[in-house]
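Please examine the sequence and the three-dimensional structure shown here. The briefing that follows is arranged by topic.

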There are 2 protein chains.
Amino acid sequence: MEQLVSSDFKLGVVAGGQLGKMLTLAASNWDVKTFVMDSDPNCPSAHTSSELVIGDFRSFDDVLAFGRKVDLLTIEIEHVNVDALDQLLKEGVCISPHPEALRIIQDKGLQKQFYQENDLPSAAFRLFESADAIRAAYAEGSLELPFVQKSRTEGYDGRGVFVAKTQEDLDRLLPTASVVEAMVNLSKELAVVVCRNPSGETKCFPPVEMQFNPEANLVEFLMCPADVSEAIAKASESLAEKVAESMKVVGILAVEMFLDEEGTLLVNEVAPRPHNSGHHTIETLYTSQYEQHLRAIFGFPLGSTRIKVPSIMINILGEPGYAGPVKYQGLTECMAVEGVKFHIYGKKETRPFRKMGHATIMDPDIHRAVEKARYVQQTLKVIA
Amino acid sequence: MEQLVSSDFKLGVVAGGQLGKMLTLAASNWDVKTFVMDSDPNCPSAHTSSELVIGDFRSFDDVLAFGRKVDLLTIEIEHVNVDALDQLLKEGVCISPHPEALRIIQDKGLQKQFYQENDLPSAAFRLFESADAIRAAYAEGSLELPFVQKSRTEGYDGRGVFVAKTQEDLDRLLPTASVVEAMVNLSKELAVVVCRNPSGETKCFPPVEMQFNPEANLVEFLMCPADVSEAIAKASESLAEKVAESMKVVGILAVEMFLDEEGTLLVNEVAPRPHNSGHHTIETLYTSQYEQHLRAIFGFPLGSTRIKVPSIMINILGEPGYAGPVKYQGLTECMAVEGVKFHIYGKKETRPFRKMGHATIMDPDIHRAVEKARYVQQTLKVIA
């Protein structure tokens, strides 16, 4: 696959958000041509790709036409039109990850069944066709509160997830076909970004620990390495590898996990693409998740996943109460903090809790990194 | 200066080679718009800048027209038309580094006089108008062999430098106005990349040790940190800071130094821009030289210059005997080596010894990094 460097080879990426942007930046390091498809001419990848093609990732026609222009197709969002990918496969276009894996991942019901069939531990679940069916199950006594309702499709960044704790919550269920999961007695949430190449080689980045903003249900604080025992770390990596091998994914697979109070690891959700929980790899691992994804889909050997320095990653979110053309306040003060590295994605409009960027805070002392991260969160404001 | 992020602010960069490319990639991380001027529509920065403007960096008219389009102008090559920069300054365009520093640096004669006037140690020298004048000085006995002849202008990447050792060499002198320097009893060649911002804050990256390819007179092997005593390291940083302060440079200044056998440091040459001897900073320092340059010219506080992991940087040069559309051989094998990170610049044509890319080899054990670097040099071939 050396022919793809400084040549006419075209890597296609659906779509052009921040993950697409960071992927095209990694491709630039090797002078690989990137074609990105996005519906927004001002998307984050607009100026980092070789060419931006305007198109909707949910549209059969747009994805098909785009895929026909490129030599290898990959994604930065899993909600791509899979029927178009199937057609492209038939026409001989190379696609990583495989559409079959995407079809499973797009539907949280199929995802849960897949875990079950492949002996991958995950929270107990039932599938329901509608909110009414959930209420009926509760009424007849076969379902107990509390539980987590997850929309089978279209969930993203915390959307499509509802936690029902009280009887009143039953009136506010999502009106969709859903997975209903038992609540896990959560000790920690971990994520392992694993990568697999076509020869079946897999490599895991060390597990990271995620802390959530309860209001926005978004990761806001990500610690690398995770504060877990060596045994838990190893077990989380084995589990991630097992998921990647079962799904036969080529490229990055981010595996979000629950560690429950008994020390059991449960797969929560997976994403077959570079992921928010791997942003810190750009600065603090020997290989970034973006380069690793490229290595895998290009058929290169995978890169080292050693840690160079511990870090905290924080998402930079749109401040609640502001919407419109973005302004960043406090950047200068934050840049004075030793070891802070900013990534501003280039979204022109802010909205409450919109992911506008991230910062990786490096420090040999992880506790000091936490303090610095808190300072940045309090000081940097994304307003309109 | 926070207004330059995700705004209409335009950073102009003259020109679009590999240094321009890596600078625009750093600007992308902050969503800062970059306009690059280069005469080659396929230059390395073609797809990494927001806009590529075709123009010649030596042309008064081209540089003037380009500078008028941007809000802040910087350079990746020092041989830019300085008269145009002077005119732009008068018109109120912000320029970093200052044209006055560029004027001194463009002429190695003025550079040497500047060192002398500012008590900056450098090898003893004389200025000559022509090769004949050098021969006359030798004939009359006021100049002794061996010596180093350096063309006052246009020197770059080892061109414009001639070492005269024998009487026969006197027939092969460069036919230009020159600096003639005494040969230094060289122990090591070091480089310190220093950065200075408008408030006068300076920060040095730790000194690196350079080893040259004698045939091409190009750095081919760069070790970070340099294998020198703490005292020499500190002295080299103080010297680099003193040069940056004397020249009142804003942005990166790379200071190449000789360490002679008596342990004395002598300034060799300087470059007021990101530099080949700072490439490793992308992966192995807390802040890259490209981000540091942006921090300085934008007026942000400077970033940390801590080392994350030791490294060897090697240039990837066009193989002798090949010229034409480039091919890379052996990339896959080299990517299997732990800790190797490639940067392929995107030059479409190779030539003997042309800088086509670089690789940074990271390893906590610098001796093992050296072995890996040798393997990469022997395995990777840039051919046509």
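**Backbone features and contacts in a predicted model**

Lys248(A) is found in the loop between α7 (230–247) and β14 (251–260) of chain A, where helices (H or I, at least four residues) and strands (E, at least two) are DSSP runs numbered from the N terminus. The phi of Lys248(A) is near 50 degrees, a positive value in a residue other than glycine. This is a predicted model, in which local features need pLDDT of at least 70 and side-chain atom pairs count only at pLDDT 80 or more, while totals for chains, interfaces and linings use all residues. Residues are numbered from 1 along each chain as its sequence is written, chains are lettered from A and ligands numbered from 1 in the order in which they are written, and side-chain values use heavy atoms, with hydrogens and water left out.

**Backbone**

- Most residues other than glycine have a negative phi, and most peptide bonds are trans.
- The peptide bond from Ser96(A) to Pro97(A) is cis, with omega near 0 degrees; Pro97(A) lies in the loop between β5 (94–95) and α4 of chain A.
- A cis peptide bond also runs from Leu145(A) to Pro146(A), with omega near -5 degrees, and Pro146(A) is placed in the loop between α6 (131–140) and β7 (147–151) of chain A.

**Helix packing**

- Two packed helices are described by the angle between their axes and the distance between the axes.
- In chain A, the axes of α3 (residues 82–90) and α4 (residues 99–106) come within 10 Å and cross at roughly 170 degrees; axes are lines fitted to C-alpha atoms, for helices over the stretch in contact, and angles run from 0 to 180 degrees between N-to-C directions.
- α3(A) is therefore roughly antiparallel to α4(A) (angles under 35 degrees count as roughly parallel, over 145 as roughly antiparallel, 65 to 115 as roughly perpendicular and the rest as oblique).
- In contact (heavy atoms within 4.5 Å), Val82(A), Asp83(A), Leu85(A), Asp86(A) and Leu89(A) of α3(A) meet Pro99(A), Leu102(A), Arg103(A) and Gln106(A) of α4(A).
- In chain B, α4 (residues 99–106) and α5 (residues 108–117) pack at an angle of about 110 degrees with their axes 5 Å apart, so α4(B) is roughly perpendicular to α5(B).
- Arg103(B), Ile104(B), Ile105(B) and Gln106(B) of α4(B) make this contact with Lys108(B), Leu110(B), Gln111(B) and Phe114(B) of α5(B).

**Interface of chain A and chain B**

- The contact takes 47 residues from chain A and 46 residues from chain B.
- The two chains bury about 4100 Å² between them, 51% of it on carbon and sulfur atoms; buried area is the accessible area (1.4 Å probe) that two parts lose on being put together, summed over both.
- Glu2(A), Tyr286(A) and Met335(A) supply 16% of the area that chain A buries against chain B, more than any other three residues.

**Salt bridges**

- A search of the whole structure finds 42 salt bridges over all chains, each being a side-chain nitrogen of Lys or Arg within 4 Å of a carboxyl oxygen of Asp or Glu.
- Glu338(B) and Arg306(A) join their side chains in a salt bridge (3.9 Å, N to O).
- This pair crosses between chains, from Glu338(B) in the loop between α10 (331–335) and β19 (340–344) of chain B to Arg306(A) in the loop between α9 and β16 (311–317) of chain A.
- Across the interface of chain A and chain B the rule finds 6 salt bridges.
- The side chains of Lys348(B) and Asp31(A) also form a salt bridge (2.9 Å, N to O).
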